[in-house]
Amino acid sequence: MRIGVIGTGAIGGAAIELFEDAGHEVLSGNSRGGVAEAVEFADVVLVAVPFGARGTLPVDELAGKVVIDAMNYFPARDGQVAELDNDETTSSELLWRVLGGDAAVVKAFNTMDAATLEEDGRPAGAHDRLVLFVAGDDELAKRTVLELIDEIGFDPVDTGTLAVGGRLQQPGGPLFGTSVTALEAQRLFGSAG
Ligand SMILES: NC(=O)c1ccc[n+]([C@@H]2O[C@H](COP(=O)([O-])OP(=O)(O)OC[C@H]3O[C@@H](n4cnc5c(N)ncnc54)[C@H](OP(=O)(O)O)[C@@H]3O)[C@@H](O)[C@H]2O)c1
């Protein structure tokens, strides 16, 4: 698969290594350039920039693509957004709107810290394999991301739509910051695991 990665910091950098190790072709961009090229090249695009930078994403180039949203909304860093502060919507639904409703947004890679992502992948079946949570409204796009996560060493768990799963996964939600196996997730979070 051709994967574009926007943002080559802690999360983007870790994901690039994992994608390449799994045999995927990766092109990346960051604030210094290469974003449009990485997006044009890709079937799937991981967005791993501060949420406050969402307005700079190349909307036309992202149309029709599977967009993995690793971003978390932190008001102190990203600026206050009223409809997130009053829980009217979620940051991934907002991203979907920013992208004109033309990209298949899937929320993933947002609950686990970058060091764990980088170091703690395990082969399928390992007893200590950790979960990466996935939410999305487009079932086909979500399936693509679930399979990708399995390939890079984590158990993918579908938490539902961007509205439901997004709230479980976002900062302040019960899945945020967790490092759990599928069995532990099942015990702790029931249907979300
Ligand atoms: N760190 C974690 O453990 C973690 C875990 C889960 C989710 N997240 C979320 O993932 C996102 C990235 O976090 P991070 O910790 O990886 O951040 P980071 O280490 O600060 O890296 C941010 C990256 O985004 C790039 N960038 C910033 N503005 C941009 C723009 N307008 N266009 C293109 N690229 C831009 C930066 O480019 P330069 O390299 O040119 O500066 C950098 O490569 C955030 O939304 C964060 O909340 C982080």
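Helices (H or I, at least four residues) and strands (E, at least two) are DSSP runs, numbered from the N terminus.

The model is predicted, with pLDDT of at least 70 needed for local features and 80 or more for side-chain atom pairs, while totals for chains, interfaces and linings use all residues. Residues are numbered from 1 along each chain as its sequence is written, and side-chain values use heavy atoms, leaving out hydrogens and water.

**Whole chain**

Show the whole chain first. The secondary structure amounts to 10 helices and 7 strands. With a radius of gyration of 15 Å, close to the 16 Å of the globule rule for 193 residues, the chain is as compact as a globular protein of that length. That radius is taken over C-alpha atoms, and the rule is 2.2 Å times the number of residues to the power 0.38. The C-alpha trace spans about 40 × 40 × 30 Å along its principal axes.

Of the 193 residues, 49% count as buried; buried means under 20% relative accessible area, exposed over 50%, and partly exposed in between (1.4 Å probe, protein chains only). Contact means heavy atoms within 4.5 Å. Among contacts between residues at least 6 apart in sequence, 62% join residues at least 24 apart.

**The sheet**

Hide the surface and select the strands. Strands of a sheet pair through backbone hydrogen bonds, either parallel or antiparallel. Here two strands pair if DSSP finds at least two bridges between them. The 7 strands form an open sheet with mixed pairing, in the order 2-1-3-4-5-6-7. Strand 2 (25-29) and strand 7 are the edge strands, each pairing on one side only. On average, neighbouring strands of this sheet are turned by 25° against each other, direction ignored. Axes are lines fitted to C-alpha atoms, for helices over the stretch in contact, and angles run from 0 to 180 degrees between N-to-C directions.

Go to strand 3 (residues 44-47) and strand 4 (residues 66-69), which run parallel and are joined by 4 bridges. Val44 stands opposite Val66 of strand 4.

**Strand 6**

Select residues 131-136. Why is strand 6 largely enclosed by the rest of the structure? 6 of its 6 residues are buried, so the rest of the structure largely encloses strand 6. Val131, Phe133 and Ala135 are buried on one side, and Leu132, Val134 and Gly136 on the other.

Next, show the neighbours of strand 6. Strand 5 (residues 104-107) runs antiparallel to strand 6, with 2 bridges between them; Val106 has Gly136 as its bridge partner. Strand 7 (residues 155-160) pairs with strand 6 in the parallel sense over 5 bridges. Val134 is partnered by Asp158 in strand 7, and Ala135 stands opposite Gly160.

**Three single residues**

Select Glu25, which is found in strand 2. Glu25 is partly exposed, with a relative accessible area of 45%. Not counting residues up to four places away in sequence, Glu25 touches Met1, Arg2, Ile3 and Phe41. For a distance check, the C-alpha atoms of Glu25 and Ser92 are separated by 25 Å.

Most residues other than glycine have a negative phi. Select Asp87, in the loop between helix 5 (82-85) and helix 6. Asp87 has a positive phi of about 60° although it is not a glycine, and Asp87 is partly exposed at a relative accessible area of 41%.

End at Phe109, in the loop between strand 5 and helix 7 (114-119). The phi of Phe109 is also positive, near 65°. Is Phe109 buried or exposed? Phe109 is buried, with a relative accessible area of 2%.
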